[in-house]
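Q: I am new to this structure and would like to learn how to read it. Could you guide me through its features one at a time?

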Amino acid sequence: MLDRGAFTGVDLAMMVHPAPVDVAEARPFAVSHSRISYTGKSAHAAAYPETGINAADAFTVAQVAIGLLRQQLPASARVHGVVTHAGDAPNAIPERSTGRWYVRAETLAELAELEPRVMRAFEAGALATGCELEIEPESKPYAEFRTDETALGHYRANALALGREFAPPGQAARMNRASTDMGNVSQAVPAIHPYIGIGSLPATNHQHEFAAHCVGDTAQRALLDGAIALAWTGVDRGAADGGAAV
């Protein structure tokens, strides 16, 4: 949408996201998304093991290298992913393995420095096993978020007027450190991305228990409060700007 001009002429972009507790300011990481594929050679694991090239082993080497690399990464960095396929039968050496990996950093600039170091870990897997490696970006990198402080001030006041309470910094409030493609939007137009609490603690995002809390009276109130607070913020921003289009 951004690349196709959907935000041209827009004065403010806003989104609210569920979380365990209310947090006004988003501080998402920049992030890249990569699809990793290794291609080796299948063989019978008992009869002809020496003729195989194990694509699953390539991921094992890469993940060990990434685990060791984390010792030298800045505190703001995150490297994580999943192996989505690594063989079909225990008696056949896997000839292909695939995975999806994210690299996160404080900014796009920091990400550009960090990502090649992570990619070398995947290259190590290919080198050690003799596999061929393919790295394919799944999307353009997401940028860090740039918050419009004036609009954020309006949102804070409006949320408080609705009876919302913002959580202090800490474990429960860390959902604002996720990543979002709205970070790219925020680099082009003024934007805010508050998080609204659904009273889920101790459950947090991406847990089954959190999903269960997304249904019920507390979640319904969060939905309505979020919509109203954003609407009032749009009115406040438009009035301050003399009737700008939001």
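A: Let us begin with a term. A polar contact is a pair of N or O atoms within 3.5 Å, where, within protein, one atom must be able to donate a hydrogen and the other to accept it. Please keep in mind that this is a predicted model.

Q: With which side chain does the side chain of S179 make a polar contact?

A: The partner is the side chain of R104, at 2.7 Å.

Q: Where is S179 placed, and which residues does S179 touch?

A: S179 belongs to the loop that links α3 (149-161) and α4 (182-188). Leaving aside residues up to four places away in sequence, S179 touches P28, F29, A30, V31, R104 and Y142.

Q: In what order do the four strands of the open sheet stand?

A: The order is β4-β5-β3-β6, with antiparallel pairing. β4 (78-85) and β6 (132-137) are the edge strands; each has a single partner strand, so one side of each is left without a neighbour in the sheet. From one strand to the next, the twist averages 20°.

Q: How many bridges join β3 to β6?

A: Six bridges connect β3 (residues 30-39) with β6, and the two strands run antiparallel. One example is I36, whose bridge partner in β6 is I135.

Q: Which strands does helix α1 lie across?

A: Helix α1, residues 55-69, lies across β3, β4 and β5 (96-105). Its direction makes an angle of about 20° to β5.

Q: How does one look for pockets?

A: Rolling a probe the size of a water molecule over the atoms shows where empty space is left. In this model, the second largest pocket has a volume of about 340 Å³.

Q: Which residues lie nearest the centre of the second largest pocket?

A: They are M1, L2, D181, N184 and V185, out of 16 lining residues. By class, the lining consists of 10 nonpolar, two polar and four charged residues. Both β1 (13-14) and α4 supply at least two lining residues each, and the largest share, three residues, comes from α4.

Q: Is the peptide bond from L201 to P202 cis or trans?

A: That bond is cis, with omega near 10°. P202 is part of the loop between β8 (195-197) and α5 (208-213).

Q: What is the phi of H206?

A: H206 has a positive phi of about 70°, although this residue is not a glycine. H206 also lies in the loop between β8 and α5.

Note on methods:
Residues are numbered from 1 along each chain as its sequence is written. This is a predicted model: local features need pLDDT of at least 70, side-chain atom pairs count only at pLDDT 80 or more; totals for chains, interfaces and linings use all residues. Side-chain values use heavy atoms; hydrogens and water are left out. Two strands pair if DSSP finds at least two bridges between them. Axes are lines fitted to C-alpha atoms, for helices over the stretch in contact, and angles run from 0 to 180 degrees between N-to-C directions. Contact means heavy atoms within 4.5 Å. On a 1 Å grid over the protein atoms alone, a cavity is a set of points where a 1.4 Å probe fits but cannot get out, and a pocket is an open set with protein on both sides within 12 Å along at least five of seven lines; lining residues have an atom within 4 Å of a point. Grid points are joined across faces, edges and corners, and a volume is the space filled by probe spheres set on the points. Ala, Val, Leu, Ile, Met, Phe, Trp, Tyr, Cys and Pro count as nonpolar, Asp, Glu, Lys and Arg as charged, and the others, Gly among them, as polar.
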